[in-house]
Amino acid sequence: MEAHYYNVEVNWNTERKGMMCSPELNRDAGSCIEVATPPEFPKGIPGIWSPEHLFTAAVSSCLMTTFLAIAENSKLSFESFSCSSKGKLEQVDGKFMMSEILLTPTVTITDEKDRERAERVLQKSEAACLISNSVKSKVIMIPIIKVIGH
């Protein structure tokens, strides 16, 4: 596969915030995102997406999209997928870094016989996630498989 490129533009607005857009996405559809310094830092602004949230979201959303592809290829039948994620920011060797991402995906299936396959698909998804493979943060996954009866 040849290289793909994803373009993002960030423009400062005021204080510690700006607007992030991609020329590849439809701006008229509201695809731009307001970004700001998080409130844990001086002059940070609460309630706005921060680079730290976006970093954590990139890992989490990559797990989901990878899971969807692998589940389809594995013919895994499931009712729902959701994932909670928590990014850990800390100082390491005098530098701030996102040192760890904790992923808690939940897959709901309808038949107990699919539990092991669902767990395998999640493990394969975490191992194949290109964002997880691209960062030096430790990525920890704690999968949850729920079975619902019909």
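Predicted model: local features only at pLDDT ≥ 70, side-chain atom pairs only at ≥ 80, totals over all residues.
Which hand does the disulfide link of Cys21 and Cys32 have in this structure? With 120° about the S-S bond, that link is right-handed.

**Cysteines**

- The count of disulfides comes to one, and it is formed by Cys21 and Cys32, whose sulfur atoms lie 2.1 Å apart.
- This pair links distant parts of the chain, 11 residues apart, with Cys21 placed in strand β2 (residues 17-21) and Cys32 in the loop between β2 and β3 (33-36).
- Cys21 counts as buried, at 9% relative accessibility, whereas Cys32 is partly exposed, with a relative accessible area of 24%.
- Cys83 takes part in no disulfide, and the nearest cysteine sulfur to it, that of Cys129, is 9.9 Å away; a disulfide would need the two sulfur atoms to be within 2.5 Å.
- Cys83 counts as partly exposed at 23% relative accessibility, while Cys129, at 1%, counts as buried.

**Largest nonpolar core**

- The largest nonpolar core holds 18 residues, of which Phe67, Leu103, Val107 and Leu122 touch the most other members.
- At least two residues of this core are supplied by each of α1 (51-73), β5 (95-109), α2 (115-128) and β6 (138-141).
- Leaving aside residues up to four places away in sequence, Leu122 touches Leu63, Phe67, Phe81, Pro105, Val107, Met141, Pro143 and Ile145.

**Aromatic pairs**

- A search of the whole structure finds three aromatic pairs, one of which joins Phe41 and Phe96, with ring centres 5.3 Å apart and planes at 75°, so that the pair is edge-to-face.
- Because Phe41 lies in the loop between β3 and α1 and Phe96 in strand β5, their pair ties together parts that are 55 residues apart in sequence.
- Phe41 counts as partly exposed at 23% relative accessibility, whereas Phe96 is exposed, with a relative accessible area of 52%.
- Phe67 and Phe78 also form an edge-to-face aromatic pair, at 5.1 Å centre to centre and with 70° between the planes.
- Since Phe67 lies in helix α1 and Phe78 in the loop between α1 and β4 (80-92), this pair ties together parts that are 11 residues apart in sequence.
- Phe67, at 0% relative accessibility, counts as buried, while Phe78, at 27%, counts as partly exposed.
- Ring pairs link Phe67, Phe78 and Phe81 into a cluster, and both Phe67 and Phe81 are among the residues that Leu122 touches.

Technical notes
Residues numbered from 1 in each chain as written. Heavy atoms only, no water. Helix = DSSP H or I, 4+ residues; strand = E, 2+ residues; numbered from the N terminus. Buried < 20%, exposed > 50% of the residue type's maximum accessible area, 1.4 Å probe, protein only. Core = buried A, V, L, I, M, F, W, Y, C linked by side-chain atoms within 4.5 Å. Contact = heavy atoms within 4.5 Å. Phe/Tyr/Trp six-rings, centres within 6.5 Å; stacked < 30°, edge-to-face > 60°.
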